[in-house]
Amino acid sequence: MSIMEPHSKRSRKLSQHEDENPVPIDRISDLTESLICHVLSFLRTKDSVRTSVLARRWRYLWAYVLTLDLYCEDETVINRVLLLRKVQTLHTLRLNVDGCTEYGLETWIVFAITHGLQKLDLYLMDQEILPACLFTCKTLVDLRLHSCGPIPMDGPMFLPRLKKLQLIRVEYEADESLPYLISCCPVLEELLVQLFTDMASCNVSSPTVKRLTVDFYFFDGDRAGCDMLEINTPALEYLKIAYSFCDHIKCGVATSLIEADISFHDEDDNLSARSLVEFVHVLCAVKCLTLDLSYFTEMIDPVLSGWTKSFRNLTKLKLTADCRFLLKFLENANNLEILHFSASCDEKKGWTEPPEQVPKCLLSHLRIIKVVKIEGKTHEFGIISYLLRNTQVLEKMDIEYAQCLASEEDISILKKTISHFQRGSAACEVGFAPFREEEIVEVEDE
């Protein structure tokens, strides 16, 4: 919206000709200086400084903004910006630097801390050594470190007000560095760790963390992993483990867990069936679950035989797995309402309808189903037919077909075949659409 637009209340009574061509009014100039500074805080500092040429009133407004966002500036420019600031408080510092001296970095961090810094976003492309004073800041609430380090394993460290911590592709002095840092954050509530290098043990232990993301960095064939992932966070409400590549997972009590998003990337079957079963049991209290078990094709039977827990609270499930895992969830999630399924079945074994009674969730709760990446294979038709026929309160089923169904004839056959399946719910609508991969969002942009 243009900042220049009609302002009838403040203009004099115009003639009919003037009404057709109203005089534009500058609304921005009517804002208070504090509000303008708040608007400028959403800009990079370079762009904020450029507003100084707009008018005499704007000349120094950028210097009163409580946020500094410095992107790829050289040390001289950064030093000058800090010197020209006219306010004693610095709420937020975002610093993206491609190479700087150790003295320069320490000077900027000390400056920010002495001005009441609450939020720091630090991206150092050359793995610069972090100033020790950063780890004893008493005012810091939100800390994001990207491509820097190493994080020390001992020494003075205490962040009494830190609630949100993001560690993205940082270096660690030792495996003990991460748990040591976490233990020095007594009120930490949100933690994101993206592993960049291999670790023997990744230990996340905190009595206060409510949201946890552990991302095993996977890019262009390279991946980070660990022998043991250990999580002990009793207050946890949200858990995400992305591209997990580890031999063992050990997770403590998680009765507060509401939502989990878990994807395994275990091409070599390093994770044992017992470890997987124990981890799945930990998730039994969740209401929303996203789970990718597509890599576990050789241990399905031992996992299913060891699975004893029910998912009584589960209402929404997004599952990528063999169809036998789907059946297990349907049998153990009586209150399931929404199902998103992507089959990764072994076609040789195919689909066999369970001889047992129909799962309770199909009879009374399941309302919405989406089945994706359909290629028109026999076992896929079997799954869809079973769900349509037995789900009594189903309102909608969406079928997304794979790109391999290139011809209109293949797609037409798919639609016609599924449309003739018996439906347990007269109100059910079946829709068809091409499958599109979900956009992958980099962790650092979250």
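Confidence, to start. The protein chain has a mean pLDDT of 85, and 87% of the residues reach at least 70. pLDDT is the predictor's confidence in each residue, on a scale from 0 to 100. Residues 1-15 fall below 50, yet this stretch has 19 contacts in the model beyond near neighbours in sequence. A contact here means heavy atoms within 4.5 Å. Residues 439-446 also stay under 50. For them the model has 13 contacts beyond four places in sequence.

Some ground rules. This is a predicted model, where local features need pLDDT of at least 70, side-chain atom pairs count only at pLDDT 80 or more, and totals for chains, interfaces and linings use all residues. Residues are numbered from 1 along each chain as its sequence is written, and side-chain values use heavy atoms, with hydrogens and water left out.

Now the core. By nonpolar core I mean buried Ala, Val, Leu, Ile, Met, Phe, Trp, Tyr and Cys residues joined through side-chain atoms within 4.5 Å. Buried is under 20% relative accessible area, exposed is over 50%, and partly exposed lies in between, with a 1.4 Å probe and protein chains only. The largest core holds 124 residues. L145, L229, L239, F264, L289, F311 and L339 touch the most other members. Take L289: beyond four places in sequence, its contacts include A260, L283, F311, L314 and F329. A second, separate core has 6 residues, among them I36, C37, L40 and W58.

Last, cysteines. How many disulfides are there? The count is 0, taking a disulfide as two cysteine sulfur atoms within 2.5 Å. For C137, the nearest cysteine sulfur belongs to C133, 8.2 Å away. C137 is buried at 2% relative accessible area. C361 is buried too, at 0%.
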